[in-house]
Amino acid sequence: MNTLPLIRSHIKRADRLHKAQLIATSHGSQYHDQSTLNANSASRKAKAKRLHDAQLMAF
């Protein structure tokens with residue numbers, strides 16, 4: 001099996017991701033900091049849990 005095309009696709013993907021990260025950080029994206037993403041995720045999980053608990057209490 002020739003793995004060269006697979007290796008090329010992995011390299012191209014890594015290059016695209018790197019370029020996207022550079023663009024995001026150069027434009028001051030709020031999401032280049034992982035702690036912001038983690039806080040947003042925790043907020044969404046807490047909201048979903050409150051909604052779920054409210055639905056359980058409604059029965």
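**Exercise 1.** Determine which residue forms a salt bridge with Lys-49, and where the pair lies.

*Solution.* Step 1: Lys-49 pairs with Asp-53, the closest N and O atoms being 3.5 Å apart. A salt bridge here is a side-chain nitrogen of Lys or Arg within 4 Å of a carboxyl oxygen of Asp or Glu. The model is predicted: local features need pLDDT of at least 70, side-chain atom pairs count only at pLDDT 80 or more, and totals for chains, interfaces and linings use all residues. Residues are numbered from 1 along each chain as its sequence is written, and side-chain values use heavy atoms, leaving out hydrogens and water.

Step 2: Both residues belong to helix α2 (residues 34-58), four residues apart, about one turn of the helix. Helices are DSSP runs (H or I, at least four residues), numbered from the N terminus.

Step 3: Lys-49 is exposed at 53% relative accessibility, whereas Asp-53 is partly exposed at 31%. Buried means under 20% relative accessible area, exposed over 50%, and partly exposed in between (1.4 Å probe, protein chains only).

**Exercise 2.** State how many salt bridges the structure holds, and describe the one that involves Asp-15.

*Solution.* Step 1: There are two salt bridges in the structure. Step 2: Asp-15 meets Lys-19 at 3.4 Å, N to O. Step 3: Helix α1 contains both partners, four residues apart, about one turn of the helix. Step 4: Asp-15 is partly exposed at 38% relative accessibility, and Lys-19 is also partly exposed, at 48%.

**Exercise 3.** Classify Arg-16 and Ile-7 as buried, partly exposed or exposed.

*Solution.* Step 1: Arg-16, in helix α1 (residues 4-26), is exposed, with a relative accessible area of 55%. Step 2: Ile-7, in helix α1, is partly exposed, with a relative accessible area of 42%.

Conventions:
Helices (H or I, at least four residues) and strands (E, at least two) are DSSP runs, numbered from the N terminus.
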